[in-house]
Amino acid sequence: MEALGRKQRDRGSAESGPHSCASRAQRTVHVLHNSEQPASVFALLESGNKIVPLIADGLFDLLMLKMTAIYTNKKQTKIECKGPRFELGDFLIKLGIVTMTQNFKGVLVEVEYRPSVVLGNCWDLVREFVLGFLGSAVTPQVPSCLQNRTNDIYQPMDTIQQYLDHFGQYRKSTGVI
């Protein structure tokens, strides 16, 4: 993690503060918070093979507390990603250590090209930028949850969906689903 941060500083990136994203699975409702949208609570409701997204204000957490008879927290399901946030020109880079119940699970790197809101217009540029500091660890494909939406306007919920996908992979690797 420190090596990635050092690479960003060596490239001329200015650290612009911390970032975090956290998730709690409550039955088939995933509740996520993102430091980039502090006034919003994101929820993804799983219904069969369909996922229904919901964006609400901070009172949603209180609503979920009132619904404990229906949706209860699973033990050891909180997973979060925290780390520094860097800015380099038009790019925003977030490096995050993923922990589940305070146990290290891995590192996530998020890169945003701020001038474009359409993924299809900037995917190659973002991929090339990330190749510059991660090398061959970069997958050439658009994330699976966005493959059918490359020409749509990118929304905060798209970022949340990607975090949830990665968190799900970390949960599966430890046998907690």
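How much space lies in the largest pocket? The close-up views below, drawn from a predicted model, begin with that pocket and then turn to a loop serine and to several salt bridges.

**View 1. The largest pocket and the residues that line it.** The space in the largest pocket comes to about 1300 Å³. Its lining is made up of 43 residues, and those closest to the centre of the pocket are Val109, Glu110, Val111, Pro143 and Gln162. Two or more lining residues come from each of strand S6 (91–100), strand S7, helix H3 and helix H4 (156–174). Sorted by class, the lining holds 24 nonpolar residues alongside 12 polar and 7 charged ones.

View 2. Ser116 sits in the loop that runs between strand S7 (103–113) and helix H3 (119–134). A polar atom of the Ser116 side chain lies 3.1 Å from the backbone oxygen of Val118. When residues up to four places away in sequence are left aside, Ser116 touches Asn121 and Cys122.

**View 3. The salt bridge between Arg85 and Glu36.** Among the 11 salt bridges counted in the model is the one that Arg85 forms with Glu36, where the closest N and O atoms are 2.7 Å apart. Because Arg85 belongs to strand S5 (residues 79–88) while Glu36 lies in the loop between strand S2 (29–34) and strand S3 (40–47), the pair ties together parts that are 49 residues apart in sequence. Arg85 is buried, at a relative accessible area of 14%, whereas Glu36, at 27%, counts as partly exposed.

**View 4. The salt bridge between Arg114 and Glu87.** Arg114 pairs with Glu87 in a salt bridge whose closest N and O atoms are 3.8 Å apart. Since Arg114 is in the loop between S7 and H3 and Glu87 is in strand S5, this pair ties together parts that are 27 residues apart in sequence. Both partners are partly exposed, Arg114 with a relative accessible area of 34% and Glu87 with one of 29%.

View 5. Arg127 and Asp124 form a salt bridge in which the closest N and O atoms are 3.5 Å apart. The two residues are 3 residues apart in helix H3 and are therefore separated by about one helical turn. Arg127 is partly exposed at 25% relative accessibility, while Asp124 is exposed, with a relative accessible area of 52%. Elsewhere, salt bridges that share partners join Glu36, Arg85, Glu87, Lys94, Glu110 and Arg114 into one network.

Conventions. Residues are numbered from 1 along each chain as its sequence is written. This is a predicted model: local features need pLDDT of at least 70, side-chain atom pairs count only at pLDDT 80 or more; totals for chains, interfaces and linings use all residues. Side-chain values use heavy atoms; hydrogens and water are left out. Helices (H or I, at least four residues) and strands (E, at least two) are DSSP runs, numbered from the N terminus. A polar contact is a pair of N or O atoms within 3.5 Å; within protein, one must be able to donate a hydrogen and the other to accept it, and residues adjacent in sequence count only if both atoms are side-chain atoms. Contact means heavy atoms within 4.5 Å. On a 1 Å grid over the protein atoms alone, a cavity is a set of points where a 1.4 Å probe fits but cannot get out, and a pocket is an open set with protein on both sides within 12 Å along at least five of seven lines; lining residues have an atom within 4 Å of a point. Grid points are joined across faces, edges and corners, and a volume is the space filled by probe spheres set on the points. Ala, Val, Leu, Ile, Met, Phe, Trp, Tyr, Cys and Pro count as nonpolar, Asp, Glu, Lys and Arg as charged, and the others, Gly among them, as polar. A salt bridge is a side-chain nitrogen of Lys or Arg within 4 Å of a carboxyl oxygen of Asp or Glu. Buried means under 20% relative accessible area, exposed over 50%, partly exposed in between (1.4 Å probe, protein chains only).
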